[in-house]
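Here is a friendly note to read with the model open beside you. Take the points one at a time and find each residue as you go.

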Amino acid sequence: MSILMLTLVPALAFSVEGPSFGSKGDANTYARSAKDHELKGRVIRRYRDGQGWEYVVRFDAQDEKEARAFATTLTRELA
């Protein structure tokens, strides 16, 4: 008899993305800069048809208010 454990985690409904970068290293540098402003992001890779791979930093938020605060910090502090 096997037992299956399932943990339900609510999905984050909002996320904010920084600008796109051509290299993962540049995206990681941006993520480190954001961390200095207490924003924790993760680098994701995305394929753009005809352009190739690009890297962006995604910041997941709990709600719209938090997402707006992230966006404000990103545009004011890291632009």
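1. Let us begin with Glu17. This is a predicted model, and in it Glu17 has a relative accessibility of 32%. Because that value falls between the cut-offs of 20% and 50%, Glu17 counts as partly exposed.

2. Now look at the partners of Glu17. Glu17 forms a salt bridge with Arg46, with 2.7 Å between the closest N and O atoms. Glu17 sits in strand S1 (residues 14-17) and Arg46 in strand S2 (residues 42-48), so this pair links distant parts of the chain, 29 residues apart. Arg58 also forms a salt bridge with Glu17, and here too the closest N and O atoms are 2.7 Å apart. Arg58 belongs to strand S3 and Glu17 to strand S1, so this bridge ties together parts that lie 41 residues apart in sequence.

3. How exposed are the two arginines? Arg46 has a relative accessible area of 22% and is partly exposed; Arg58, with a relative accessible area of 22%, is partly exposed. Glu17, Arg46 and Arg58 belong to a network of salt bridges that includes Arg48 and Glu54.

4. Another salt bridge joins Glu64 and Arg68, with the closest N and O atoms 2.8 Å apart. These residues are four apart in helix H2, which means that about one helical turn separates them. Glu64 is partly exposed at 38% relative accessibility, whereas Arg68 is exposed, at 56%. The count of salt bridges comes to six.

5. Next, the aromatic rings: the structure holds two aromatic pairs. Phe21 and Tyr30 make a tilted pair, 5.5 Å centre to centre with 50° between the planes, and both Phe21 and Tyr30 are buried. Tyr47 and Trp53 make an edge-to-face pair, 5.3 Å centre to centre with 70° between the planes. Tyr47 is partly exposed at 49% relative accessibility, and Trp53 is partly exposed at 44%. The charged end of Arg45 sits over the ring of Trp53, 4.0 Å from its centre.

6. Which residues have the most contacts inside the largest nonpolar core? They are Tyr30, Ala34, Leu39, Val57, Phe59, Phe70 and Leu74, in a core of 15 residues. Helix H1 (24-35), strand S3 (52-61) and helix H2 (64-77) each supply at least two residues of this core. Beyond its neighbours up to four places away in sequence, Phe70 touches Val16, Leu39, Phe59, Asp60 and Ala61.

7. Finally, step back to the whole chain. Its two helices and three strands follow the pattern β-α-β-β-α along the sequence. Of its 79 residues, 25% count as buried.

Notes
Residues are numbered from 1 along each chain as its sequence is written. This is a predicted model: local features need pLDDT of at least 70, side-chain atom pairs count only at pLDDT 80 or more; totals for chains, interfaces and linings use all residues. Side-chain values use heavy atoms; hydrogens and water are left out. Rings of Phe, Tyr and Trp (its six-membered ring) pair if their centres lie within 6.5 Å; planes under 30 degrees apart count as stacked, over 60 as edge-to-face and the rest as tilted. Buried means under 20% relative accessible area, exposed over 50%, partly exposed in between (1.4 Å probe, protein chains only). A charge sits over a ring if NZ of Lys or CZ of Arg is within 6 Å of the ring centre and within 35 degrees of the ring normal. A nonpolar core is a set of buried Ala, Val, Leu, Ile, Met, Phe, Trp, Tyr and Cys residues joined through side-chain atoms within 4.5 Å. Contact means heavy atoms within 4.5 Å. A salt bridge is a side-chain nitrogen of Lys or Arg within 4 Å of a carboxyl oxygen of Asp or Glu.
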